[in-house]
Amino acid sequence: MVSKTYLQKNSENALETYASFPIVLDHGKGCTVTDVDGKEYLDFVAGVAVNILGHGNIRLAKAIGQQAERLMHCSNLYLNPVTVDYMDTLLAYSGFDKAFFCNSGTESIEAALKLARKWAGVTGKAGRDIIALNGSFHGRSFGALSVTGQKKYQAPFAPLLPGVRFAEANDPKALEEAVDDSVCAIIMEPIQGEGGIKLLSKAFVEKADELRKKYDLLLIFDEVQCGFGRSGKLFAWEHFGIRPDILCMAKAIAGGFPMGGILVDKRAAAFKPGDHAATFGGNPLACAAASVVLDELTNKGLLTHAEEVGAYLGEKLEELKGKHPHIVDARGLGLMRGIELSSGSADVISACIDKGLLLVRAGSEVIRFVPPLIVTKEEIDKAISILDEVLSQ
Ligand SMILES: Cc1ncc(COP(=O)(O)O)c(C=O)c1O
């Protein structure tokens, strides 16, 4: 077993930040990945909602390779056509006015929080407080962690950023009570990912919109996990018809190449030179990859496909729920779905992995389904049949 050597070496060398599965992956094609010992897995994790074009996508690989030969990095001291064109196209499709690119979801949250505070200063608002939601996950830097409403992530690292308060998700009254003149922004995931695939209700998002108008504050949507076609629409805010002032993005944006960013409405565009930066942000390799991803979503039918197969996955998970009483809930949108078990989700996932299906948890008892958006109905059937077999045992 070649994997044993790597697992041993890694356990000796790596800081213990990850509770990785004992799998060493070698390569992938489409929705299938193969480990160093030759075992194949159907991948319903996709690098945690990242590889939306699947693995081994030739167009994506070529775009990155060709750009690498031309210009790999040039910093933000200079412009390059790939980044300028990609930003222009993304703004056109998303309807936002301005953009900033960085390298990860956490960095996109940092940018959004800083922008909100800067905006509050520029507009002369007295308040600098930020409201976040219980159960949220926004990343692990001090800023992002400060708005992450889960004690288990926050507790070891206190004290965190001052001026952050939490409200209960999907409780419009609690949100209303939390907001006053001291608040400059509300941050939320339209679909809470790590918190257990929980959709915000329309009434709750509408209340946030109402409070935005009443108190003249910014609405920040963290679409790091649910953006770029994952929910069946290009961005999840479209399901609510309420556009945020700042949208955070990362994960799927460049199909697996590290990239993040924020999209900003002109009213919130308060940054001036020197306020914020990232050496690698908007790197031409990342933007070459992101251009392919956006083109596949918008011009090559991937968004339509994701919406269709996402609905199919939803039906199949509902059927499974009807059959297995220990599935207490099946929820989600598009290809971002979860089933909540009464108990034993870790064991179910291990048994599925043994049978060649990669799955991952979201929260303690929720099994998450975030396959590549290219997944077929046949692959969904295969995943469901493995899960059905495991749950029947
Ligand atoms: C909604 C959300 N926001 C932010 C992050 C942090 O992103 P990253 O790990 O790219 O820093 C994540 C990561 O899982 C996430 O799901």
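## A strand residue and its surroundings

Ala132 is found in strand 5, where strands (E, at least two residues) and helices (H or I, at least four) are DSSP runs numbered from the N terminus. This is a predicted model, in which local features need pLDDT of at least 70 and side-chain atom pairs count only at pLDDT 80 or more, while totals for chains, interfaces and linings use all residues. Residues are numbered from 1 along each chain as its sequence is written, and side-chain values use heavy atoms, with hydrogens and water left out.

With a relative accessible area of 0%, Ala132 is buried; the term buried means under 20% relative accessible area, exposed means over 50%, and partly exposed lies in between (1.4 Å probe, protein chains only). Apart from neighbours within four places in sequence, Ala132 is in contact with Val147, Arg165, Phe166, Ala167 and Ile187, contact meaning heavy atoms within 4.5 Å. Leu234, 102 residues away along the chain, has its C-alpha atom 24 Å from that of Ala132.

## Annotated positions

Arg140 lies in the loop between strand 5 (129-133) and helix 6 (142-146), whereas Lys251 lies in the loop between strand 11 (246-249) and strand 12 (260-264). Not counting residues up to four places away in sequence, Arg140 touches Thr106, Leu145 and Tyr153. With the neighbours within four places likewise left aside, Lys251 is in contact with Val48, Ala49, Val50, Val224, Gln225, Gly256 and Met259.

| Residue | Relative accessible area | Class |
|---|---|---|
| Ala132 | 0% | buried |
| Arg140 | 57% | exposed |
| Lys251 | 23% | partly exposed |

## The whole protein

The protein contains 13 helices and 17 strands. Its radius of gyration is 21 Å, close to the 21 Å that the globule rule gives for 393 residues, so the protein is as compact as a globular protein of that length; the radius is taken over C-alpha atoms, and the rule is 2.2 Å times the number of residues to the power 0.38. The C-alpha atoms fill a box of roughly 60 × 55 × 45 Å along the principal axes. Of the 393 residues, 54% count as buried, and among contacts with a separation of 6 or more, 72% are accounted for by residues 24 or more positions apart.
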